Every structure is written in C-alpha cells, then in structure tokens.
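Subject: Structure for your files

Hello,

Here is the structure you will be working with. Please look it over before reading the notes below it.

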Amino acid sequence: MSAYAADVAALARKDVLLEVRSRDTLPAMLLFVVSALTIFHFALPSGSSERAETGLLWIAIVFTALLGLTRAFAAEREEGVLDGLVLAPCDRSAIWLGKTIGMAVFLVLAEIVALPAFALFFHPLSWELVAAVALADIGIASIGTLLAAIAAASRARELLLPLLFLPLAIPVVIGGVGASIASNPGSFLGFLVLYDGVFAILSWASFEYVVTE
Amino acid sequence: MSSLNRGLPSAAFALLVGGFALAFYWAPEDADQGFSQKIFYLHVPIALTAYACFGWGAWKALRLLWTRDRKYDLESYTAIHMGVIFGLLTLVTGSIWAKISWGEWWTWGERQLVLFLILFLFYSSYFMLRYSTEPGPRRERNSAVYALFGVVLIPVSFLAVRIAGTILHPTIFTHEGADLPWQMLVAFLVCLAGMLSLAATLYRVELTGKRIDASLRELRELLA
Amino acid sequence: MSTAEKYVTGAYLVLLGSLLVYLLIIALKVGRLEEDLADLTRAAREKHGG
C-alpha cells in the first residue's frame, strides 16, 4: 500500500472510530431520516403516487446528508485538530479523501436503515433506486466535505453550508429521481457517475487551497 | 490603473442601439412567433453574457489560486457580481418570453430558465459566502474555489436539466430553430457584441469602484 | 399595441430600467466616495499640520 493510501485509510479510520466512541452524528442522522419519512407520510395525501413518494425519499436523503455534513469538521474545530492535520506530513488532498470516505460510510449506514424503513412505510425499492442512492452518496460526500471545510472558515457555519450545498445538490436530485422513476434509468445513472467523477476530481484538487492558512 | 477607457462604453452604446435597430427594422419577422420573437435579440444575448461573466470570474479565480496574486480576488468577485445581475435579467426577460409564448410567467419545461434559476441560487450563495467570511487570504481562496465549482456546475446542470426534460417535464416548445435567416443572425450577433461590451463596461466601472473602496480603507488605516 | 408588443416593449424596458437603477447605485456610491475622501483629506491635513 502506498503512503498516500495509508494516510487516507488512517484518516478515514480515525473519523469512524471517533464516531463509534462519541456517537454524536450517526444516531442523529438515523433519527432525523426516520422522523422525516414519518412526516412525509402525513404530508402526502392518501392515494399519492409512488413517484411522489420516491421524490420525497430523495429530499430526505439530501437533508440527512446535510445534517451529517454540518458536523463533518466539528470535532477538528472544537479541538483545533485541523491545524495539526494540515501541518502533518501528509498530502492535504489525503485529508479530503479520508474525510469523504468517512462521510460516505456514515451516509451508507444511515441509508441501510432509511431505505428498508422507506420500503416498509411506502413501497418496495427497485434496484435502480438503490444504485442511484449509492452513486449519489459518493457525489454528496465529495462536494459536501469540501463545502463543509469552506463553511467552517466562515462566521455563519451551520447557516452557510446548506446555502452552498443545495444548489450543487440539485443535479444529484435530478439524476436520483430520474433513475428511480424513469423508463430509461441507465442514462440517469450514467449522469450520476459523471457528476461523481467531475466533482470528486474538482474537490480533490481544490481542497488544498481551502485548508491552507 | 487606467481601467476606464473610452472604447468600451462607446462600443456598447453603438452596438446595442444598432443591434436593436437592426432587430426591429431590418430583420424579418419570424414566421411562427411573429413580433414576439423580437425578445430573442434581448434575452439570448443577456443569457450568453451572463455565462461569459461567470466564465470570466472563474478564470480570474483560477489565476488567483495559481499565482496567489491577491488582485484577482476583486476581479473574480466583480465578474460574478455582473454575472448575477445579467442572470437575474435573463430570468426576468425569459419569464416575459414564457408569458408571451404560452401564457405562463414560469414554466419548468423551459430549460434555459430552469438552468438560470439553479445558477442564480448558486451564485447568490457565493455572495453569502463572501459576506459571512472574514476578509483575508482564506476568504479569497474559498471564494475562488466556489467560483470554480460554479463554472463546472453550468455544464453539469445543463446536462441534468436536459435529461430531466426528456422524462420529467417533456419539452413541447423550442425557441431557437437551427436555421435562422441570415438577417436575424446578423442582428443577433450585433446585439450579442453590444451586450458583451455593456457587461465589460459595467465590469470596469464596478471594479474601479471596488478598488477605490479598498484604497480608501487602506488610507484610513494608515491615517488612524 | 397588441399584447405581444406590450410584453416585448416591457422586456426591453426592463433592461433600460435596470441600467437606470445601476446608474442610481453608482451615483450614490460616487457621492459616498467623495464624502469619504473629504474626511480623509481633512484627517491628513490635521495629522500633518497642513
């Protein structure tokens, strides 16, 4: 394993271990997504189409991710570890990659609960929907981690992150909803792959500029 | 810093007046849409100018990250400021066009409008980012990175709105026919050149104003 | 004027209107800059006893 991959793995493991010990983000995300699905049941008039339900699932996913992302750099900020990480002798983009992997793990864990809950409350899932959620997680974690680092430098952190994140999440929702309900899910899944690729590379390349003092 | 030359404002004036005159008195009336097609010479140049501003802002942002020269921060900010103004004008004129063409002020089937709504939201957040971060190198770099995201978001959203249009909101109407009569094309190009010069003029004015602001602030600190 | 003519004219007036609004904003800004500069000039005179 190269030194870069080892750094990334160590950083991602650190985030997951920190969460296992403190448990402040993941339980909140789980509770939030199940509450949101419950609210959706009452928000949708009875007899609503499955398409509308699927659309609301995507809203739940985006906002749950947002909830997790607001906490992405909370531990580092509170203990001033980010400066230490930036000074550590590893490539700064490795910090982004480690953080993104950690974030994607949280998202997947939240969805392992959310998707069966959705199937139980509303209607069964299609494999296209599951594939689209998995692809969307990559994109959301990539841009989300970078934007969380940008928002962390501002005065209005928790307020700013949703504003920065939601316009960039619109294509994810278009691709995700399209893949879940359209008759040609392939082109929407392909679009999500493209989105992930483009924004992952851009975030990976620009993270260095965001954390350098 | 002689940033205000006379050429640009004169070109903007001559080209816009000339272009609009050509559009109204020389270009033939559109066979399908009739007189209402004249809004094309306003709406589309404004939309393209907005893209040009966003692109220019991203280019300056890239230069900032590359060279670490702090002067690019103000240039990138000003270009995006202009882009947001032209983007808002695109939304307003596009909405009027939608009203003429199919009687609705807003239609999700009109891709250009939807795309500009996304971009408008994105770049408004850019302003929020600037306002809520302390001035300094950190803000300059964060804004530059966000501006670069914007220029990547444009084609990505374009694609997204396009594929969504095929399934979620079927497009019934299209504005731009592939075969524009050459008189229309000439009038359109003159209007586009005029609009770009207007944007460049406003960019210069705004940039000069922002630079004077910055110099005065520096002067005040020196005197305090 | 037909409805189409009214709307097209309206759209062009939107451009004219926004240019005038921009002119107003710039006029206010120039006025403020003039005041600021006068303040600073006064401060500089006092400081250097000019």
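Predicted model: local features only at pLDDT ≥ 70, side-chain atom pairs only at ≥ 80, totals over all residues.

Residues are numbered from 1 along each chain as its sequence is written, and chains are lettered from A in the order in which they are written.

Chain contacts. Of the two pairs of chains in contact, A and B share the most contacts (two residues are in contact if their C-beta atoms, placed from the backbone, lie within 7 Å). On chain B, 26 residues are in contact with 25 residues of chain A. H5 (137-167) of chain B supplies 16 residues of that side, the largest share. The side of chain B that touches chain A has 19 nonpolar, five polar and two charged residues (Ala, Val, Leu, Ile, Met, Phe, Trp, Tyr, Cys and Pro count as nonpolar, Asp, Glu, Lys and Arg as charged, and the others, Gly among them, as polar). Chain B averages a pLDDT (the predictor's confidence in each residue, from 0 to 100) of 87, and 92% of the residues score at least 70.

Helix pair. Helices (H or I, at least four residues) are DSSP runs, numbered from the N terminus. The crossing of H7(A) and H8(A) is right-handed (the near helix is turned clockwise from the far one by less than a right angle).

Regards

Technical notes
Helix = DSSP H or I, 4+ residues; strand = E, 2+ residues; numbered from the N terminus.
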